[in-house]
Amino acid sequence: MKIHKYDTVIVGAGGAGMRAAIESTKRSRTAVLTKLYPTRSHTGAAQGGMAAALANVEEDNWEWHTFDTIKGGDYLVDQDAAEILAKEAIDSVLDLEKMGLPFNRTPDGTIDQRRFGGHSRNHGEAPVRRSCYAADRTGHMILQTLYQNCVKEGVEFFNEFYVLDQLIVEVDGVKKSAGVVAYELATGEIHVFQAKAVIYASGGTGKFFKVTSNAHTLTGDGQAACYRRGIPLEDMEFFQFHPTGIWRMGILLTEGARGEGGILRNKDGERFMEKYAPVMKDLASRDVVSRSIYTEIREGRGCGPEGDHVYLDLTHLPPEQLDAKLPDITEFARTYLGIEPYTDPIPIQPTAHYAMGGIPTNVEGEVLADNTTVVPGLYAAGEVACVSVHGANRLGTNSLLDINVFGRRAGIAAAEYSHTADYVELPENPASLVEELVERLRDSTGTERVAVIRNELQECMDANVMVFRTEQTIKTAVEKIAELRERYRNVSIQDKGRRFNTDLLEAIELGNLLDLAEVMATSALARKESRGGHYREDFPNRDDVNFMRHTMAYREVGDDGTETIRLDYKPVVQTRYQPMERKY
Ligand SMILES: Cc1cc2nc3c(=O)[nH]c(=O)nc-3n(C[C@H](O)[C@H](O)[C@H](O)COP(=O)(O)OP(=O)(O)OC[C@H]3O[C@@H](n4cnc5c(N)ncnc54)[C@H](O)[C@@H]3O)c2cc1C
C-alpha cells in the first residue's frame, strides 16, 4: 500500500473534474484520480450543446433561462442554484472560448446558438436559440479544451486509478473527509490519498439500465463510495429518459437534431408532438416527449412490424445543413442502422440518459451529511452531484453547463478550504475495506457470474422503473434487486491476476450499480406522485402538498449487519417562482 499526500484530490477527469482541477491547481497542490484516461470520459460523448443566454442570435436573458430550468425540473429545482447556473452560464461559455474552444459561429463571427427542448423565449412563448455548440461534438470539444488547459496548468493526473472508498473520520463529533482509497489498474496496487479536500466528479450511473446512451463505465462509483460511508443520496428516483436513442441500441441522437428542425412521426406519418405540446411541439421537455412517444406506441401508432418505435424525420432538411450541423449523428444512423438520413426517417426509442439525483451539495459544491450539515473537506460536482439545478427533469444542454459552473465553483471552494484546514488523521487501517473487497472477489469460488447478474439487473430496470412506473412494477424491481444483491455475494471472477484485472473491477462496479439501483427503486416506491422524469401511472398528478420536497436516502446498518434504506425529505428552495401547471 502506498500513501500520498495532497491538498486537494479530485475523483474524475470528465468536464466537472477538469474544470475543477484548472481552478484548484492554481491554488493548491492537486491530484486528479481517474479510472479512464481523461479524454475518454463521457463528457466527450456529449453532442448537442451548452446553454447560455448570450442573446447572440435572438433576444434572450438569464432570467428566462432560470425560469425554463425551474419549470423543466417540474419545480423540484432549488431556485437559488438555478439562478446561479443561468447567470454564470454566460461567463462559463466565454471562459471556454478564451481557453480555445472552437464553437460554431454566426456569419458575423459571434458564437452561434441553436434551439433545444424546454428553452424558451419569455417564459414559454416560443422556442429560443440558447445552446452554444460545436457541430454535434460539443462535449468532445469541451473535454479536449479542458484537458489542454489542465496540461498547461500542470495538473497532476493519476490515470487508470479507481477510487473505491471514501475515508470519513469523526473529529470532535464532526464527520470530516480524510482522503480516498484507490486501486491502480496497471499493477493491482492499493493507494491511499490523504487530502484536506476531496472533490467527487465521477459522473453518472446509467449502466443499471439496458437501453442507455451511457458509456459502459458509468457505474456510479462515487455515489456508492460516499453512500456506503453514511452520506445520503438525493432524488435518486429521478432519472432522465432521452426521447431519441437509436432503436434497440440506445445510442444517442442529439436533441439538436430537433433543434435544427427534425420532427418526430408515428406510423401514419403524423407529427404527433403537436397534440401533446402545441407550442413547443418536438422541443417540449424530454420527460414530456418520452412519455408521448410511449403513448403513441401503446396506442398502436408505433412503427415497424412490432410497433415498438417511432421515427425521427430529418428528410426535409437540406443535406448541407445535416452535414454541417449534425455530421456525427447522421453517420451513426448510416453505421448502426444502414439508414440514409437524407432520404429515410430514423427509427428511435427513449433511452436512459441522465441521473438528476446524486450526492447532495450546496451551491459551493460542499457535500451535505443531512439537510443542512456540511461534511468539512468533501465536495462534489457534475453528474455525480445533486445541487439541485435539474430537479425532476434536466433540460438539454444544461449539464455541460452544470459541470462547468459547479466544477469551477467546487474547485475554488475546495482549494480555499485546504489553505486553512489541517489534514485529518487517517484511520488505523485506511485501506482495509478495499483490501477485503478485492481479496474476497479474488478468492471467491462462488458460481454466480458478473455478466449474468448485470444483465438481469438491466432487464429488470428497463421493464419496471423506466418511463412509466406503478407500485406493482417498482415493487417487482425492489424484490428482484434484493435477490440479485443476495446472489452477488456469491459472485466470482475468472481472472485472479493483479495486472489489468478488469474482471475484478467490473465485479466491483456491479456492486455499486446494485446498491444504487436499490436506492433508486426504494425512493421511487415512496414517491406517490408524478413529477418530471418520475411518472407513476397509479398517481398521475403532481402532488405539491405532500411531495414538493427532495428525497434523502440513507444507508443504515443494524447491529446484526443487516442493511436498510431510511428515507427522509428536504425542503425545496423557492425564491421567486411559484409552482404552476407545466404546459409546453
Ligand atoms: C451520449 C451523451 C450525450 C450528451 N449530450 C449532452 C449535451 O449535448 N449537452 C449537455 O448539456 N449534456 C449532455 N450529456 C450529459 C453530459 O455530457 C454529462 O452529464 C456530463 O458530461 C457529465 O460530466 P461529468 O464530468 O460529471 O462526468 P464524466 O464526463 O462522465 O466523467 C466522469 C469521470 O469520473 C471518472 N471516474 C468514474 N468513476 C471513477 C472511480 N471509481 N475512480 C476514479 N475515477 C472515476 C472517469 O474516469 C471520468 O473521468 C450527454 C450525455 C451522454 C451520455
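Trainee: Buried means under 20% relative accessible area, and exposed means over 50%. With that cut-off, is Ser 290 buried or exposed?

Mentor: This is a predicted model, to be clear from the start. In it, Ser 290 has a relative accessible area of 1%, so it counts as buried. The residue is found in helix H8, which covers residues 286–298.

Trainee: And what is Ser 290 in contact with, leaving aside its neighbours within four places in sequence?

Mentor: Beyond those neighbours, Ser 290 touches Phe 241, His 242 and Pro 243, plus Pro 350 and Val 467.

Trainee: Which strand pairs with E9 over nine bridges?

Mentor: That's E1, residues 2–11, and the sense is parallel. Val 11 has Tyr 200 of E9 as its bridge partner. Tyr 200 turns up again with E17, where its bridge partner is Ala 380. E17 spans residues 374–380 and also runs parallel to E9, over three bridges.

Trainee: What about E8 and E9, parallel or antiparallel?

Mentor: Antiparallel, with five bridges between E9 and E8 (residues 174–184). Ala 182 sits opposite His 191 of E9. The two strands form a hairpin with five residues between them, and there Gly 188 takes a positive phi near 80°.

Trainee: New topic: how many salt bridges does the structure hold?

Mentor: There are 61. Asp 221 and Lys 35 make one of them, with their closest N and O atoms 2.9 Å apart. That pair links distant parts of the chain, since Asp 221 is in helix H5 and Lys 35 is in the loop between E2 and E3, 186 residues away.

Trainee: Are Asp 221 and Lys 35 buried or exposed?

Mentor: Both Asp 221 and Lys 35 are buried.

Trainee: Which residue does Asp 515 meet in a salt bridge?

Mentor: Arg 228, at 3.2 Å from N to O. Asp 515 lies in H15 and Arg 228 in H5, so this pair ties together parts 287 residues apart in sequence. Asp 515 is buried at 11% relative accessible area, while Arg 228 counts as partly exposed at 25%.

Trainee: And where do Arg 531 and Asp 544 lie?

Mentor: Arg 531 is in the loop between H15 and H16, and Asp 544 is in H16 itself, so they tie together parts 13 residues apart. Their side chains meet in a salt bridge at 2.9 Å, N to O. Arg 531 is buried at 1%, whereas Asp 544 is partly exposed at 28%. Both belong to a network of salt bridges that also includes Asp 74, Glu 237, Asp 287 and Arg 291.

Trainee: Last one, the second largest pocket. What volume does it have?

Mentor: About 810 Å³. It is lined by 25 residues, and the closest to its centre are Arg 440, Arg 485, Asp 515, Arg 555 and Glu 563.

Trainee: How many of the lining residues are charged?

Mentor: Twelve are charged, alongside eight nonpolar and five polar ones.

Note on methods: Residues numbered from 1 in each chain as written. Predicted model: local features only at pLDDT ≥ 70, side-chain atom pairs only at ≥ 80, totals over all residues. Heavy atoms only, no water. 1 Å grid on protein atoms, 1.4 Å probe; cavity = no way out; pocket = protein on both sides within 12 Å on 5 of 7 lines; lining within 4 Å. Points joined across faces, edges and corners; volume = space filled by probe spheres on them. Nonpolar A, V, L, I, M, F, W, Y, C, P; charged D, E, K, R; others polar. Helix = DSSP H or I, 4+ residues; strand = E, 2+ residues; numbered from the N terminus. Buried < 20%, exposed > 50% of the residue type's maximum accessible area, 1.4 Å probe, protein only. Contact = heavy atoms within 4.5 Å. Pairing = 2+ DSSP bridges. Salt bridge = Lys/Arg side-chain N within 4 Å of Asp/Glu carboxyl O.
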